[in-house]
Structures are given as C-alpha cells and as structure tokens.
Amino acid sequence: MFSSEDYMHMAHALQFAEKGLDTTTPNPRVGCVITRYNQVVGSGWHEQAGAAHAEINALAVAGEKARGATVYVTLEPCCHQGRTPPCVEALIRAAVARVVIAMEDPNPLMSGSGIETLKQVGIAVQSGLLQEQARALNPGFVKRMQHGKPWVRLKTAVSLDGKTALNNGQSQWISCEAARIDGHRWRARSCAILTGIGTILADDAQLTVRHISASRQPKKIIVDNRLDIPLNASVLQGEDVFIFTASTEETSKTNILEKMGTTQVIVFEGSGARVNLDRMMTTLAKLGMNEILVEAGSRLGGALIQDGLVDELIIYMAPSLLGSNAKGMFQLPELASLQHKTALNIEDVRMIGSDVRIIARL
C-alpha cells in the first residue's frame, strides 16, 4: 500500500511536527512534506496557535512545484474555517495530485471530512501511514477531542525505596541536576502544570519553566480546597493562574485574587468539601488544555490515580535510600488482594544523569 519512499517522507514530516512540541497548544503538532518526482520541494510545520498550519507553510515553500505533487501530512487537513483558512482549500488550489495522511482528525465531528473533500475533486488520498507515531505526538489533543479530558502526566522524584521526602518534609533534592532539567522539558511541552495547595505552602513553588529556553510558560493550576493560598505566593506572579476550590465562603479573598488580573478562581464542590477532580479535568479540556503535568504531593497524586484521571507516570528514581519513615509516592487505599493492584505498562526506561527515568502508563 505504501512504498519505502512514502515511509521516508512521512517520517520526515513527523520530525517537522515535533518542532512544535512546546509551542502549538491548544492546537496539535503537525508536520508536512511536499515531494515531486520523489524530491522534496516544500516542508513546514505548525508553529503556534493562530499561525499558518503545516500544509500552508509547506505550500509556500513549494510554490508552483506543488502542482501535481504528493503531500505528506501527519494529521488530516482541516476543512473548516478557524483562526486560519481551511487547508483543504489551499491544497485544492495548489492542484496537488496525492495526499498521504498519518492520522485522521480525532474530532468525531470532523474526522474524514477533509479526506472526503479532497477525494471529491479527484485528489488521491491515503491515510494511516505511521499513524501510531503521529498519535504519540498528540496524546492530549487526541484525548481531548475523543473523550473531553486532557492527557495527564504525573511526575515525581523518588529514592530507590520509593520515598519522595523525609518525614520532616525535606525533599530538595532527591533527583540529580540532569533529571531536574529533564523535568523542565516536560513542563515546557505541557499546556499547564497542576499542583496542590500543600506543595505551594511547603515550597512556594513557581510552576514555571526554567533551566531551558522556552518561548511560552505553561498555565498554572492549583487545587486549593479551602482557598488557603497566600496572596504573596510566587505562583501568583505571571499569567494564567487557575485556582480550583471547594470553598464558597471566601468571596472577599476570591475578589482580591481575581482583581490581581491573572488569576481565575473556580469553585467546584465535591464530596467532603473537596474539589471534584473529574469535573475539574473536563473544565480544563474545555479551556483548550491538551496535556497537564502534575507535580503534587502524595495525597493529590493518589486522589487523581484513584479517580482514574492519570494517564502516565514519569518517575525519576535516584540511587539513594531514605528509610521506612520517609514519605511515600501516593496515598492509596490498602488492598486486600493483589488482584486489585493498579496495573502499569512500562513505556520507557533510561538513565538521566545518575537517576533512572521510568515512564509508565496506567
């Protein structure tokens, strides 16, 4: 069905898509390569929301050479008017002969529409080439379109005996410097970083990308059941702070926070005067957030796992032991049987400096 040249050019398109790893939110990461007589005549990627899509950038490079060409694109071209014109119309105007697509649009309301429009005007279309690789670049966009929730990664640093902090709360630094820098790369690609009020009070966490260059800062999300956040907390500096609380009484504090201009307080009551975490995730998806990075304590991390809201764990395991009285990774209920254990799929294991980084999916 697909030639070796097709695989080569689509792999090239995926490399272009990856260039938008940190910048395209809330849009997907998409790359495009245009060939004529098997020679690349144009290429491009979607750089940021509101800017030209990958196909438009590649067509601009190809110019007249796009006529009769083959287009390799990692996501089905859009056929609707958004912040930018439909890519399908641009491909038709350019008179391309063939379009090869990695994955169809995950939005069930749009999936297949772009393909059908291209076919109707006589352009040959094939899809499914390196589909899994394309999906792996956009897990949050896919999940948000199909299930109405973001892709949630929970990141933690632990000792070899699975401890995250001493009993007195001291935790800096369990992981090595290389692991901490790697953690900031995960921050950079995330739409938002989520933590609990306990982490804010204990560490005055900033929830920003540091140590590496970043063209944007992720949004900040704080779960604060009683609205205990200090008004001088470092996390309130900067833009796009969302505080989810179950408190309906602190209206004056809510007003003060929201008058700061960058903070939005959202009240979600759940059981036991706690924030309804499932509803919170649905709201974050509606706000256009694809990928959430959780950096929280064992209580919030455990609650998210119990509620089935965590997709992926990123664990930095340091070559050290903290002892039996140190704090564990997650607060989860005691099991009566091993049959009830939480199953994980190990996706990746590698050394990051002196630490072992484990990526596992639930």
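Modeller: Two strands pair if DSSP finds at least two bridges between them, and that rule is applied here to a predicted model.

Biologist: What makes β1 and β2 paired strands?

Modeller: Six bridges join strand β1 (residues 31-36) to β2, and the two run antiparallel; the rule asks for at least two bridges, so the strands count as a pair. Within this pairing, cysteine 32 stands opposite glycine 44 in β2.

Biologist: Why is β2 called an edge strand?

Modeller: The open sheet has the order β2-β1-β3-β4-β5 with mixed pairing, and β2 (39-45), like β5 (124-127), pairs on one side only.

Biologist: Why is the pair of phenylalanine 16 and tryptophan 45 called stacked?

Modeller: The ring centres lie 6.0 Å apart, which is within the 6.5 Å limit for a pair, and the planes meet at 25°, under the 30 degrees required, so the pair is stacked. Phenylalanine 16 belongs to helix α1 and tryptophan 45 to strand β2, 29 residues apart.

Biologist: Is phenylalanine 16 buried or exposed, and how do you know?

Modeller: The relative accessible area of phenylalanine 16 is 12%, and because buried means under 20%, this residue counts as buried. Tryptophan 45, at 24%, falls between 20% and 50% and is therefore partly exposed.

How values were computed: Residues numbered from 1 in each chain as written. Predicted model: local features only at pLDDT ≥ 70, side-chain atom pairs only at ≥ 80, totals over all residues. Heavy atoms only, no water. Helix = DSSP H or I, 4+ residues; strand = E, 2+ residues; numbered from the N terminus. Phe/Tyr/Trp six-rings, centres within 6.5 Å; stacked < 30°, edge-to-face > 60°. Buried < 20%, exposed > 50% of the residue type's maximum accessible area, 1.4 Å probe, protein only.
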